[in-house]
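Reader: I would be grateful for a close look at the charged side chains of this protein. Please treat the matter in one connected account.

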Amino acid sequence: MADFGFNEHHQNEIINYMRFARSKRLLRLKTIDSCFEELKDSRLVEETFTVDEVREMLDGLQMVVRGEVEMELINTAHTNVLLLRQLFSQAEKFYLRLQSDISELENRELLEQVAEFEKTDFKTTNKMNLETSKPKLAPLNEGGVSELLNKEIARLQEENDKLKSRLRTLESQAMSALDEKTKAERALKDLKRTQGEQQLSAQTKEISSLEDTVAALKEDYERSLSANAASQKDLQENLITAKHELLRVQEQLALAEKELDKKFQQTAAYRNMKEILTKKNEQIKEIRKRLQKYEPDD
């Protein structure tokens, strides 16, 4: 199979598109052939024709064939637009900026390679099992924006580690409270055997207080987890929004600088400054000529 610089999956996608284009082309050619056959069957029934009759038949055939060819060219252009739209839509998901070189579309060497591929290798791929999943573009390095994104992810990871550490502390406190509860229950049983109902009531209140402490710790733990999840989601959304805003502001700044430079060159102050510099240069040249008259000869 000819090598176009793509991996197997992308090469298969190219083959699928070439198959689609070839089927549309063959269908249009059949339509054009039918136009000629229809002319032969409907008009060429006499042995002789006048010049005007021949001209009329050719004009009619030309109009029909022209319409078919024009329709195919328009349909091909619109189909290519839809294909580019799919590619650009996939690229935008990864913040890619695709660029096309229109001059390469008329590169005869590349066109001959495509034609040769269609004549030879393309025919041998009919028996291959082509992959049908949609292609996904791999994200490229985005420079400063990517670095900011990585820093923000690292910060979120560090914050998440802190929350996990706090969670472990809360879990340890909860376990300690449970241990205290267990000890208190054991002590309560001992008090039932050794002390009266008065001490039993005091111990029951202590157990109830410990249970409230455990419930409060559990509630604080669940609230911390919920707040952490919401905070990470908000930070990620804000980061994506800031990234888009940064790109938009950079483009606006570039356009503003170009417009400001253009306006400044058109101002009277710029022209006056340029005229003053020109005069100063001429004065300096004149002074140098005068000084040369007074310099001693070697």
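Which residues gather in a patch of positive charge on the surface?

Author: In this predicted model, the positive patch on the surface is made up of K183, R186, K189 and K192. One of these residues, K192, belongs to helix α5, which covers residues 144-194. With a relative accessible area of 53%, K192 counts as exposed, because the limit for that class is over 50%.

The relative accessibility of E56 is 48%, so E56 counts as partly exposed.

Of the 298 residues in the protein, 14% count as buried.

Charged residues also occur in pairs. Side chains of opposite charge can pair when their charged atoms come close. The structure contains 13 salt bridges. One of them joins the side chains of R28 and E68, with an N to O distance of 2.6 Å. This pair connects distant parts of the chain, since R28 lies in helix α1 and E68 in helix α2, 40 residues apart. Both partners fall under the 20% limit and therefore count as buried: R28 has a relative accessibility of 19%, and E68 has a relative accessible area of 15%.

Helix α5, which holds K192, also contributes K181 to a salt bridge with E211, at 3.4 Å from N to O. Here too the pair links distant parts of the chain: K181 is in helix α5 and E211 in helix α6 (residues 197-265), 30 residues apart. K181 is partly exposed at 23% relative accessibility, and E211 is partly exposed at 38%.

A further salt bridge, between the side chains of K279 and E275, has an N to O distance of 3.5 Å. K279 and E275 both lie in helix α7 (residues 268-294), four residues apart, about one turn of the helix. The relative accessibility is 45% for K279, which counts as partly exposed, and 43% for E275, which is likewise partly exposed.

Finally, salt bridges link R166, E219, D220 and R223 in a network.

Conventions
Residues are numbered from 1 along each chain as its sequence is written. This is a predicted model: local features need pLDDT of at least 70, side-chain atom pairs count only at pLDDT 80 or more; totals for chains, interfaces and linings use all residues. Side-chain values use heavy atoms; hydrogens and water are left out. Patches are made of residues with over 30% relative accessible area and no salt bridge: like charges are joined within 9 Å, nonpolar side chains (Val, Leu, Ile, Met, Phe, Trp, Tyr) within 5 Å. Accessible areas come from the Shrake-Rupley method with a 1.4 Å probe; for residues, only the protein chains shown count as cover. A salt bridge is a side-chain nitrogen of Lys or Arg within 4 Å of a carboxyl oxygen of Asp or Glu. Lys and Arg count as positive and Asp and Glu as negative; His and the chain ends are not counted. The place of a charge is taken as NZ of Lys, CZ of Arg, CG of Asp or CD of Glu. Helices (H or I, at least four residues) and strands (E, at least two) are DSSP runs, numbered from the N terminus. Buried means under 20% relative accessible area, exposed over 50%, partly exposed in between (1.4 Å probe, protein chains only).
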